[in-house]
Amino acid sequence: MVQSPYEEATALITVEREGILESRVTTLKGSTPMIEVPIKDSYLPNVYVSVILLKGRTAPPKAGSDPGAPSFKIGYASLSVDPDQKRLRVAMQTDQDTYRPGEEVTVDFRLTNAAGDGVPGEIAFSAADAGVLDLIGYQLPIPFDAFYGPRPLGVTTTEMRGALVEQRSYGQKAEDVGGGGAATKSEVREDFRPSAHWAPALRTDEDGDASVTFELPQSLTTFRLMASALSEAHEFGAAQTDIVVTKPLVQTPALSRFVRIGDQFAAGVLVTNRSDEAGTATVSASAEGLTLRNDTTQTVQLAAGATREVTFDWTAPTAGDARVTFRARLNGETDALAKTLPVKRPTTKRASATFASTQDTAREGLRLPEQRVSGLGQFDVTLASTALTGLDGAVEHLFEYPYGCLEQTTSRVRPLLAGGALLNAFDLEAFEKKNRDQIVRDWMGSLSTFWTGDGFSLWEDGDHTNPYVTAYTLMALAEAEAAGYDVPQPLTQNAIDAAADMVRNRSDRPDYYSEGVWRDTRAFMLFALARHDRALESEINWLASHPPTSVEGQSHLLRTLLSTEQPKRPEVETRLVEQLRQQIRVEATTAYLAAPEDDDYGWIFSSDVRSTAFGLTALLEATPSDDVRQLAQRMIRYLMDRRQQGHWASTQDNAAVVTAFQHYVDAYEQAAPDFSASVELAGKTILEKTFQDRSLRTAATTIEADAFPTGRELPLTVSRGGTGRLYYSARLTTYTSAPQDALDQGLRVERTLQRLDDDGKAVGAPVSTGNKTITLESGRLVKVTLRLTSPTSRTYVAVDDALPAGLEPVNEAFATSAQGVLDEADTGSGRWWGSFTHTETQDDRVVLFADQLRAGEHTYSYVARATTEGTFEHPPAEAEMMYRPETRGHTATGTLMVAPSGGPAAER
């Protein structure tokens, strides 16, 4: 029914939603005419009917008024179309309700439509631990609601004559409406996978029937079976049910997530009698990699349905993955389980390394430091006919660096994209359990989580675009494509377009970038775009006329000019080469290029090492002549002298040096060697190798540090016989558990613990950690506060708070975490700039990151719980500038003791 003010009017009737679905013009008479709208399947789940009434002029205008002027009226009605005919019924039936660990489960499915008839379709099926799902608050998505829920109106109606007739009435619709849319079984349980089965595309037969069979993990828990289905007729449905995995006698592990070398701790099981008969349970414990400090067997009385905790006292003597096994027996019933417990290495790693070459005999010395941890550490010697052998520590550092921003993960993957040169020189797969292709694919798959819509963020799920990181990632994508990988689309093209837009908008620089930093970044973007065959000639010409003043920016511009297929600019290339050569600082045996001293260049990770590597790479691409070779050799020597513990300071430095070394080898190491090489340690030959023809293959040996005496220097002799230069590297790695004193090298770190009551309210005064033992009751909540002080502004600062094994942070992301307990935490969620903007809670540490850290004091706090009884090392909380790690600081080492709740040991 249309309520009309006209006796007769022309009506435009439309059916709308995302667009105009139907339209017609008719004449309506009377004040309440009726119109019919046939309902079609395409109208599901709802449509909007629009009626525009148009009335022409009925009388000529009069002086001062115009009552007979043309007029119109607009009205809307929303029509819901019952979508139940598109609801798919999903029946799911298991062969049992209760299972034993490791048993097979068969699930039968049947899909039926609204009429009850079986229909063919596809089912996505998952069987997952219900406890884990509840922990994260997961609910099975209902696809029917997503596809057939109400949809908004996407059409905006305007009437041009409204500006003339000044008479409008939209009824139910506002003027601006639109948008929207929407293996062999064992008696010992050790398979505790939270996901029992995943079948993403299970097809039914023509009658809608399907079946799946899978083997359960050995967890004693409830598994939630979830199915989402669709048919070819665009019908959708979902269903879920639970099954229980149990047995009469159940052990649940009660272990910490990890321990550290030297920790003394309690670990055991919760034993549950699920039978109807009481009895005495006998529990025995054994382990590989741990030392048991009391009896291997204990007994406990268990009533029917009762649960008791049984713990054993352990010590962790060595690092690695320990395997703990518990076996229980009760009234003829048994249960056994095994768990892996990571034993962490000491946080203080010491490494000394040398890289040199000889055409005769070289002599070195090897001495093990005092206070080292036995069972850890090694001595590595590598021989090669190429200087690339000096990069082994750099490549390893890229894989071992503990943090995961986009720059760092991209730097890690770039050596894998270099192709045969590096892959032949080093066994890169030794640094990762995954193979090369999988690492590269994982990196490319993760990029979408860093995408902001107009570039890449430094951090996952970030909303702030980092221009330099965008260019760096774009360059790596070009390297991946050149290496034969299928780069992700449309993401790569979107990144190319975004970088091009940023380069064209010369004045649209970030507020925190100086003009010089922005010019360097734009030069880098031009180089990254050129690698994708996207040369912005006008911007290249502009930058050639207004070149960057820094070494790094000039190097990017020179490499851009060399790589583009646009008309060459020899005069510009020559000028840039001369500018780079004039800035080289030559010292006794080395040469280097300096980065700007302005702290603003920290935003783009500048350093003397990276500037030297960038400049060397650009010069070798431009003029790999003999006179440049002399400078290049000095620059290589400078880079090697700047290594610390076998690698360079930051991931950016290491990745840049790897690229520079590749160019050096390609340019100058063309002569085929023909020599034999040997290494003697204390008069005993430990390595021999013959090198013939040009090859990137190396010879290496590793000796455990325990094979050497402590405190006595052993002579190391490296010899070469034949033609060619022998390159060698020697590296000694050890660990120490000696307590560290507090350190302040430009960053001061403090850490305190404050006890909380059961409601999360502070109790007593905060206590500083370090150089003391703090005792807590098991189950006690504490507020951990980190305080970082810097006398000046810094860029890219990381704070790493390594946890003692007896303390576990309360994760605010879990649906089961009591929010009242978290009131004392300052998680930094409201911060955007100038302090900690990204945080990660890991098993053994809490890590904070600040893209920019303003001068002054910064605090962060989180809530943790004392979970495991024992005496634990509390490692120092450390802070460093990630790209200038010489600016750093840490607290002193401390000790945490967790005592039994209600026991005689008082908290102190």
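**Close-up 1. P490 sits in the loop between α8 (467–482) and α9 (491–504).** Helices here are DSSP runs of H or I with at least four residues, while strands are E runs of at least two, and both are numbered from the N terminus. The bond that leads from Q489 into P490 is a cis peptide, with omega near 5 degrees. This is a predicted model, in which local features need pLDDT of at least 70, side-chain atom pairs count only at pLDDT 80 or more, and totals for chains, interfaces and linings use all residues. Residues are numbered from 1 along each chain as its sequence is written, and side-chain values use heavy atoms, with hydrogens and water left out.

**Close-up 2. A cis peptide bond joins L44 and P45.** Here omega is about -5 degrees. Look for P45 in the loop that runs between β2 (20–29) and β3 (46–55). As background for these views, most peptide bonds are trans, and most residues other than glycine have a negative phi.

**Close-up 3. D461 has a positive phi without being a glycine.** Its phi is near 60 degrees. You will find D461 in the loop between α7 (436–446) and α8. With a relative accessibility of 66%, D461 counts as exposed (exposed is over 50% relative accessible area, buried under 20% and partly exposed in between, using a 1.4 Å probe and protein chains only).

**Close-up 4. F605 is a non-glycine residue with a positive phi.** The angle is about 70 degrees. F605 belongs to the loop between β27 (591–592) and α14 (608–622). Its relative accessible area is 1%, so F605 is buried.
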